[in-house]
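Me: I've got a structure open and I'd like to learn how to read it. Can we go through it feature by feature?

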Amino acid sequence: MGKQIDHLVLCVHDLDAACARYRQLGFTVTPRAVHPFGTGNALVQLDGMYLELLAVLDPEIIGPDNVDLPFSFAVYNRNFLRLREGMSMLALQSKDAHADRAAYGKAGAAAPEVFDFERKGETPDGRQVDLGFSLSFASHPLLRHGVCFSCQHHHPAENFYFPEYQNHPNSAVAIDQVFLTHWAAEAVEEFFSSMELDGLVDVGHQDELLARYPVGDCVLPDDGFAGFRLLVKDIEAIRAAALSLGAVECGEVLVLPPAHMFGVMLVIAQQKAA
């Protein structure tokens, strides 16, 4: 069995505006949280995975670039936002970030030391709880703007996931695929195969993704994540909100172009019956 999605990092300039847009689309969004290294987020929790809306909140803490330092989550995402909004990173579920780091190195990825950090989280009833994470990054020379990492949660059950945050009026339940467009798609696809991400990351050229989802004039990255596919229990529960925000009907799915979703192409599909 290949690796599973933990979460997607979706970089935005205005965190409040992004939260409002996702709520308008029928998502329940968690309260904002602050990282100790200059960024902050709000989450859309799904079934064992989530979307992370991420923004730079305190650039002074992040500081300048330094090529002599190890990979920095904050610096990478700060620099990503200097180029564009959109999906900057794919996080994979992990039970042991250190073991994942060793595996990434064997697959040919650049794998810096595991990064550990803690922050506070807020429960639905307003309590502050401790959260802890260990991150193992895996980068590739062709993926300067599309980094993957393993995310090991140290308090997942009791302090992180809550039914109140996972209940969405639009019936959203999961992310089953991530889209990546790249000028060297074949080489990137080979790298993802070595990372056990077959089927999870759909790699192709820009024109291939736009041929599948013809949404008019649309700008997709030529070296990074273009968007993701969201599964919903009842597509009718999200249809009106999606169409009001500029979604296009492409066969059985609804597609929100990147211009309407902070640089991310959002494909909405009906979950298949078990």
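Me: Where do the positive and negative charges of the protein chain sit on average, and how far apart are their mean positions?

Reply: Lys and Arg count as positive, Asp and Glu as negative, while His and the chain ends are not counted. Each charge is placed at NZ of Lys, CZ of Arg, CG of Asp or CD of Glu. Here there are 19 positive and 36 negative charges, and their mean positions lie 2 Å apart. Keep in mind that this is a predicted model, where local features need pLDDT of at least 70, side-chain atom pairs count only at pLDDT 80 or more, and totals for chains, interfaces and linings use all residues. Residues are numbered from 1 along each chain as its sequence is written, and side-chain values use heavy atoms, with hydrogens and water left out.

Me: What radius of gyration does the protein chain have, and why does that agree with a compact globule?

Reply: The radius is taken over C-alpha atoms, and the globule rule is 2.2 Å times the number of residues to the power 0.38. For 274 residues that rule gives a value near 19 Å, and the protein chain has 18 Å, so the two agree. The C-alpha atoms fill a box of roughly 50 × 45 × 40 Å along the principal axes.

Me: How many helices and strands are there?

Reply: Both are DSSP runs numbered from the N terminus: helices are H or I with at least four residues, strands are E with at least two. This chain has nine helices and 14 strands.

Me: How much of the protein chain counts as buried?

Reply: Buried means under 20% relative accessible area, exposed means over 50%, and partly exposed is in between (1.4 Å probe, protein chains only). Of the 274 residues, 55% are buried.

Me: Which residues of α7 are buried, and which are exposed on the face turned away?

Reply: In α7 (residues 185-194), A185, V188, F191 and F192 are buried. Seen down the axis, they fall within an arc of 125 degrees, so they line one face of the helix; the arc uses directions from the helix axis to the C-beta atoms. The face turned away carries exposed E186 and E190. Cover for the buried residues includes β8 (147-153), β9 (172-182), β10 (201-204) and β11 (223-232).

Me: What is F73 in contact with?

Reply: Contact means heavy atoms within 4.5 Å. F73 lies in α3 (residues 73-83) and is buried at 6% relative accessibility. Leaving aside neighbours within four places in sequence, its contacts include V9, H35, F37, M89 and F149.
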